[in-house]
Each structure stands twice: as C-alpha cells, then as structure tokens.
Amino acid sequence: MDPEMDSQLKIGFIGAGNMAFGIAKGILSGNVLPANVKVSAPSSRNLGRFQELGIAVTHSNVEVVCGSDVVFVAIKPHVVPLVLNEISQHVTDRHMIVSVAAGVTLATLEELLPENSVVIRLMPNLPCLVQEGALLFARGSHAKQEDSALLRSLLHRCGLVEEGPEAWIDIHTGLSGSGVAFVYLFAEALAEGAVKMGMPSALAHSIASQTVLGAGRLLRDSGKHPAQLRSEVCTPGGTTIYGLHALEQGGVRASTMSAVESATERARELGRKSAAGSRK
C-alpha cells in the first residue's frame, strides 16, 4: 500500500473508548495526519485525550461519516443498530465501515447499512494502547482484497494484524480480547505468591509484569512452541517442575481453556442478541 495514499485518507471514529484510542494512536504513528482524523462520542468525557493527539472531536456521528473514507465503529454492541440506522443514509460506496463491536456479525452490519456497503469486522485488544495489540479482521461480502490491504496498512503499527474467516472473530475475542485479562490475573497471582513468601508488594508486581513481558516476547520472537520453552526452563528435580506440578494440581490448564471457551460463547451470545435487536 502506497504510504502517500494512507496520508490522504480521512479516518473517522464513532466511539471514543480505549479501543478507538489505541487504534487512533497506532494509525497516527504511521502515515495518517491528525488533521485527517475525527472522533465522535455523545459525551466529552473521553474526547480530551484525542484532542491532545491533535484529533478533531465532535458529538455528531453524521459529521464523522460525511468527512471520512474509513469509519471505525467502536461502540458497545447494544447501540450498534441505533447508530447505524442514524448514519446509514450518509454511507456511500466510497466508505469502508470497520466495526469493532464485540459479537456483532457481518450479516447484521450489512443488514443495517446500505446495499453493497464495504464492511469489515475487526477485533482488537487492549495492548493496542501501547502498539502491541493482536488484531483479527474478517471481510464482509462486498469487501475486496484491496480493502484488506488498506486496513492492514492503516493498522500495522497497532501490533499483529491478521485476517481470517468470521467464525474466528469470536474465538479471538475469547483468546486475546478477554485473554489479556486472564494474563493480568496470572501476573497478579504471581506477584501475590512472592508477597506471601516475603517480597515487598511493589517490587513483586514490577518483577511479575517484566516476567510476563519477557516471556511473551521470547515466545513471539523465538517461534518455538510454548511447551518447548517451558521444558527449557525445567531441570530435573529443580524448582520449576515443582511449581508446575502445583499449577497442574490446581487445574490451571483446564481452567484457562474453559475461560477461553466461556468468553467465546459469551461473544457468540452477544452476537445473537445484537442480530435479534437489529430485526426489531
């Protein structure tokens, strides 16, 4: 994708939450200029941080759509039908609509928008805020390969960007969208274990966060399977295998798999509710 093309694009955000902010930061670290971005939200509560980036803000969703080529719909699932009904008559064939609403299907989005609208469903995660996100997107029936290339070009500074079938989006929500919180829970437990054994809390939490960061980076950059890296830490009769035994006794592996499954099922349930709501 031509960087000059990115720099000329007009980008809009409907919604001003953490996902919108993280994506906006990533886009601005590429070739898009702040002057070419606009954000709308019903309240001014979250708009200040966008203004600090040089981004124009408004309370009008229609204003964002009319002034944009690519529109990120970064709102709660239950308000998607209301917002898309509001902007639908202003969506044209020049627009790409990128939905970040959890559980809202491409079929629902296309039903609420004009015929032949270019729609993409995107699921990011919270580390987009520090450009270390994991983002998965799926194309709607009228989105072409060049639309995928454009979105990848816009988002590449946000972290890992992958495309897949829509069926994977809800799984990605459970794995990575919610999975971030599972990692935080584990990091918290690591630190609390150290506090129990006598380490000061602040130091324990600092070391726990660095442990998670370092382990994740090594896992990503080495290309090795997690089991291989885990075995490299274990020595016969050493401390790690004793600790791993305790984790297995506590069912950490099965609990983690169940957590991903539960979060995925909840994402699917939200999608069904959203689809039902859009038909009313």
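First, the ground rules. The model is predicted, so local features need pLDDT of at least 70 and side-chain atom pairs count only at pLDDT 80 or more, while totals for chains, interfaces and linings use all residues. Residues are numbered from 1 along each chain as its sequence is written, and side-chain values use heavy atoms, with hydrogens and water left out.

The chain as a whole. The protein chain has 13 helices and eight strands; these are DSSP runs, H or I of at least four residues for helices and E of at least two for strands, numbered from the N terminus. Its C-alpha trace spans about 65 × 40 × 35 Å along the principal axes. Of its 280 residues, 40% count as buried, meaning under 20% relative accessible area with a 1.4 Å probe, protein chains only. Among contacts (heavy atoms within 4.5 Å) with a separation of 6 or more, 67% are between residues 24 or more positions apart.

From the record, an unreviewed UniProt entry places "domain: Pyrroline-5-carboxylate reductase catalytic N-terminal" at residues 10–103. Such annotations may be inferred rather than shown by experiment. In the model that span is 32% helix and 20% strand, with its end C-alpha atoms 27 Å apart.

Now the second largest pocket. A pocket here is an open set of points on a 1 Å grid over the protein atoms alone, where a 1.4 Å probe fits, with protein on both sides within 12 Å along at least five of seven lines; lining residues have an atom within 4 Å of a point. This one holds about 830 Å³, a volume being the space filled by probe spheres set on the points. Its lining has 32 residues, and G17, M19, A74, I75 and K76 lie nearest the centre. Helices α2 (18–28) and α8 (167–177) each supply at least two of the lining residues, and α2 gives the largest share, three.

Next, helix α10, residues 201–222. Why expect 32 Å from end to end? Because its 22 residues are taken at 1.5 Å each, times one less than the number of residues. The end C-alpha atoms are 31 Å apart, which agrees. After α10 comes G223, with a positive phi near 75°.

Last, S117. Where does S117 lie? S117 is in the loop between α6 (106–112) and β6 (118–123). Its relative accessibility is 7%, so S117 counts as buried. Leaving aside neighbours within four places in sequence, S117 is in contact with V91 and H142.

Terms used
Buried means under 20% relative accessible area, exposed over 50%, partly exposed in between (1.4 Å probe, protein chains only).
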